[in-house]
Amino acid sequence: MADENLNTIYLNHIKANMNFEAEPCEDFYEYACGNWYRNYNSSYYFDAAGYMEYKVNKQLQEILNETKNNQNNNNNNTIYNMINNAYEACVNLDIISVNPMLELVQKELQFIWPIFTETLGWHNESDFDWLKTIAILRTYGLNGVFLTTHVNVLYNDGSQRVLELQQHQSSLELLYNDIEEIFINFGFNINQSQWITNNVIDFQEELKNISFLQYISENFTANLTYQNNFKLLTIQQLQEMMPQIEWFKYFEIILNRYENITKFQVQCFALNPDYYENLIYLLHKTSKDTIIYYIMLRFIYHLNRNLPFKRPQDCLTYLRSSMPLILNILYEEYIFKSQRFEIEEVLKEMFKKLKFNFEKIIQENYLHLNEIEKSYILEELLDMKLKVGNVPLNRSNEYFQNYYQDLELNRTDFANNHLNLLKFYHRKDLAKLFENSSLTDFYSYDSVSLATSSPVKIFDNIVLVPHGYLQMPFFHHKLAKHFQYSLLGFILAHEIIHAYDLFHIVYDHKGNYNYMGSLIAQHFLPYIDCKYDTKSFDNISISNDLLSENMADISGLRLAYQTYMEMIENEILSNHINLTSEQLFFVNSVQFLCANMWQISILNLTIPERSHDMHDLRVRENWKHFENFSKAFHCKPESNMYPLQKCRLW
């Protein structure tokens, strides 16, 4: 039975965010979210999702204070001390700088960075070994400089992990003004700074010119499949094929293994021996000080990523990305565990209903799939799991002591802590290659996503719902189904659809690449033609990420709405803001996207920095393509939210 007082609070929250002076058929985002910024005016966040992260961080801060003051932590003092040490080192840091981090790695590199020398010339130039340098820095997480390595699944067996090798990644470019400012801050004069910067930028351009990745793209129409890009080689075979690079040296360093490495297999993506020949030629003709400056600057960019520049408020976000396991466990034990059963029961039922209704949508066969194609989709759907809270099943003290046994953190040295954490997670990532070291039911993905509470469809065919969104003002297990199924129901529906986006569609329910997914994606072309006025994937002007997000919005709305209407059929809700049940669905479905758009516009984010459209554009462009929206608000054909042609996918 829903709690009436809770429902009133929730409904008042929606009402406070709405701008009733706006016309929903002209600007639905302004109508649903136009007054949000008046209620959530803070420098700590600028949107509803950010507010939820702020709330989680405040909760974690209280937990850390409690663990610090509590001297009886059931023999788990080491772990609690470790996280508190990391937190104190962060909040008590006067100035955050990469300089001490650069100095700390010098001992391992066995040279002094040229930026720390008093003269423009570099004393270590004769001893410089570029391959050894990038290999050592790879153990601190630096990737994509000349070589790229990461743990991936075997191209023909999604249950097996393998180390994948690619060439240089030029997606993250050094910017002229940033570089010049860095050198000036290090004490170089303007002429020196400009001279070094010009050399580095010229080198970067030459590197970019030889690094064009030649591979078979997943364009869903080619006769050759994406799978043909992969080649499995031993390190011995790699050395024989491209002897100009000391592959044994590189892999010995990054794997920290010096025996029995000859037969170690590497999965090569788009292997191009010409690239490596050109790389060696470029490195030979370029001065070593320019090369080391380039590597150093890329390392500085890497070190700066996710650093807590605004303290103390960013310290918890930083720890959630760098120590996600223990932070998630603390949240689970101190806050979530007491209501896990009730929340899980609600979400399991919701997920089951959504899957059931998506199966019905598939069987309606709007895409005109054949029986084999439908079976492929249904296998993925039926095998899809829901995971509530990113925590492992085994949460014993002994396990965590073993997991963190080789990590040292202290309360006064943030720079050393940061480097130790980078190395720690590099080791944990590579451990997947050699042993069954993965935590049951704990999933590690990119550090930015680990620090957020947004649900996500991960590669393991799991929809993962972190703790943060499972509280007010987004959710409560006692809320009426009107509220549960319109907001969180839409978010889960959105993630279910992601199983069939332009990345996931080519991997079957076991995580294996399957060309059947490419064939199914060809059925998406009428939708692509409708929304983007092109009959080919090759001619779409937006990224596959944005395209996939828009697909998940439009199809997720259909799925969530259908499920919502079924679930509220016999539910009576006291509604004092004069919205029909249909209108309430759409208004609540965008509450997690409410934001201070003026503040966001100041950030001037570009497409590569975001995978979604901006909050307001996302709602205005996607919600109008679900025909029940215009019906709910009685929109006229000439209005902004009533396109002449509504684009449907599923």
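How much space lies in the largest cavity? About 160 Å³ of space lies there, in a model that is predicted.

## Basis of the description

The model is a predicted one, in which local features need pLDDT of at least 70 and side-chain atom pairs count only at pLDDT 80 or more, while totals for chains, interfaces and linings use all residues. Residues are numbered from 1 along each chain as its sequence is written, and side-chain values use heavy atoms, with hydrogens and water left out.

## The largest cavity

A search of the whole structure finds six cavities of 30 Å³ or more, a cavity being a set of points, on a 1 Å grid over the protein atoms alone, where a 1.4 Å probe fits but cannot get out. The volume is the space filled by probe spheres set on the points, which are joined across faces, edges and corners.

The largest cavity is lined by 15 residues, and R320, N328, L450, T452 and P466 lie nearest its centre; lining residues have an atom within 4 Å of a point. Helices α4 (48-69), α15 (324-336) and α20 (447-450) each supply at least two residues of this lining, and the largest share, three residues, comes from α15. Helices here are DSSP runs of H or I with at least four residues, and strands are runs of E with at least two, numbered from the N terminus. Because domain 1 (6-41 + 339-390 + 443-633) and domain 2 (51-96 + 310-337) both give residues to the lining, the largest cavity lies between them; the domain bounds come from an automatic or database domain assignment.

## One side of helix α28

In helix α28 (residues 615-622), H615, D616, R618, V619 and N622 are buried, where buried means under 20% relative accessible area, exposed over 50% and partly exposed in between, with a 1.4 Å probe and protein chains only. These residues are on the same side of α28, because they cover an arc of only 165° around the axis, the arc being that of the directions from the helix axis to the C-beta atoms.

## Backbone features in loops

Most residues other than glycine have a negative phi, and most peptide bonds are trans. The peptide bond from R311 to P312 is cis, with omega near 10°, and P312 is placed in the loop between α13 (288-304) and α14 (313-322). N578, although not a glycine, has a positive phi of about 55°; this residue is in the loop between α25 and α26 (581-589) and is exposed, with a relative accessible area of 71%.

Notes
1 Å grid on protein atoms, 1.4 Å probe; cavity = no way out; pocket = protein on both sides within 12 Å on 5 of 7 lines; lining within 4 Å.
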